[in-house]
Amino acid sequence: MVPGARLIILGKQGAGKGTQCVRLSRHYVVPHISTGDMFRAAVKSRSELGAKAKEYMDTGELVPDEVVMGLVAERLGLDDTKARGFVLDGFPRTVHQAKGLAELLAPDEIDLVVNLEVPTEVVLRRLAGRRVCVDCGANYSVDSPPRLNWTCDICGGEVVQRQDDTEAAIRRRLDLYERETRPLVDWYAERDLLAEVEGVGDPDEITGGLVRVVDQRREHSLGRRV
Ligand code: AP5
Ligand code: MG
């Protein structure tokens, strides 16, 4: 079996983080941990956490760091991540969160952070066309809909537009990305943990590019150890 991995996928809204993390999670047999999916599940189950997160998410604001850190600490504390690793999607999103993550993982480190680079005009088009399953979160778009009448191919759930895929919320999310999340690219580059992969084109080819940079990093790290 392929060895596990500890990965972070960075990229602006609509870059394809969710789409690619599902595939990476299958390839490396590690859990896909998406803070956005976790918050959407909390909203759906009407939990206290969901009520807290919803007011921020619907307008495209970031959920406060202390709420996010508590949720991630709990998730990374489960045995599955300790055994083989994880692929993080949408977290960390601020330098403060990245520092918190490093503390949570110490003495272990992340294997690699990949920045999925996609131009803004492309993400705007993708977000306008995106549709998601309300039950399992599977991603579709108006260009590649489910086979049957907006019913999820995987679980049969209803496939709808996301609450925060409105023009105003998208604009706010992209602003916040530039201000709060883009600095993480340099932050991880300074720590020699960053790789860049172009996120435009055939999704299978993009997955191939991601697997290549992760495997190269692994060989490089093994080479350093011997
Ligand atoms: P989150 O759910 O993480 O949303 P996001 O950051 O806005 O990112 P997206 O999910 O919109 O984009 P994606 O990169 O996953 O793209 P996707 O694969 O879907 O967060 C939601 C909210 O939760 C935040 O706004 C915030 O409020 C809160 N939150 C979450 N984490 C937080 C944190 N750490 N701190 C604070 N708050 C937090 O792809 C988009 C579309 O493009 C899809 O339709 C897909 O089918 C299509 N597509 C994908 N790849 C391709 C391709 N190669 N070619 C053509 N189409 C493609
Ligand atoms: Mg996503």
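Let's start with Cys 155. Its relative accessibility is 40%, so Cys 155 counts as partly exposed. The cut-offs here: buried is under 20% relative accessible area, exposed is over 50%, and partly exposed lies in between, with a 1.4 Å probe and protein chains only.

A word on the source. This is a predicted model, where local features need pLDDT of at least 70 and side-chain atom pairs count only at pLDDT 80 or more, while totals for chains, interfaces and linings use all residues. Residues are numbered from 1 along each chain as its sequence is written, chains are lettered from A and ligands numbered from 1 in the order in which they are written, and side-chain values use heavy atoms, leaving out hydrogens and water.

Now, disulfides. A disulfide is a covalent bond between the sulfur atoms of two cysteines. The rule used here asks for a pair of cysteine sulfur atoms within 2.5 Å. How many disulfides does that rule give? The count is zero. Cys 155 is in no disulfide; the nearest cysteine sulfur belongs to Cys 133, 3.5 Å away. And Cys 21? Its closest cysteine sulfur is in Cys 136, at 16 Å, and that is too far for a bond. Cys 21 is also buried, at 0% relative accessible area.

Next, Val 68. You'll find Val 68 in helix H4, residues 65-76. Helices are DSSP runs of H or I, at least four residues, numbered from the N terminus. Is Val 68 buried or exposed? Buried, with a relative accessible area of 5%. Which residues does Val 68 touch, beyond its neighbours within four places in sequence? Thr 35, Phe 39, Val 63, Phe 91 and Gln 97. Contact means heavy atoms within 4.5 Å.

On to helix pairs. The axes of H2 (residues 35-44) and H3 (residues 48-57) come within 8 Å and cross at roughly 115°. Axes are lines fitted to C-alpha atoms, for helices over the stretch in contact, and angles run from 0 to 180 degrees between N-to-C directions. H2 brings Gly 36, Phe 39, Arg 40, Ala 42 and Val 43 to the contact; H3 brings Leu 49, Gly 50, Ala 53, Lys 54 and Met 57. Phe 39 is also one of the contacts of Val 68.

Last pair: H6 (residues 95-105) and H9 (residues 183-190). They pack at about 35°, with axes 9 Å apart. Val 95, Ala 98, Lys 99 and Leu 101 of H6 meet Pro 183, Leu 184, Trp 187 and Tyr 188 of H9.

Note on methods:
Helix = DSSP H or I, 4+ residues; strand = E, 2+ residues; numbered from the N terminus.
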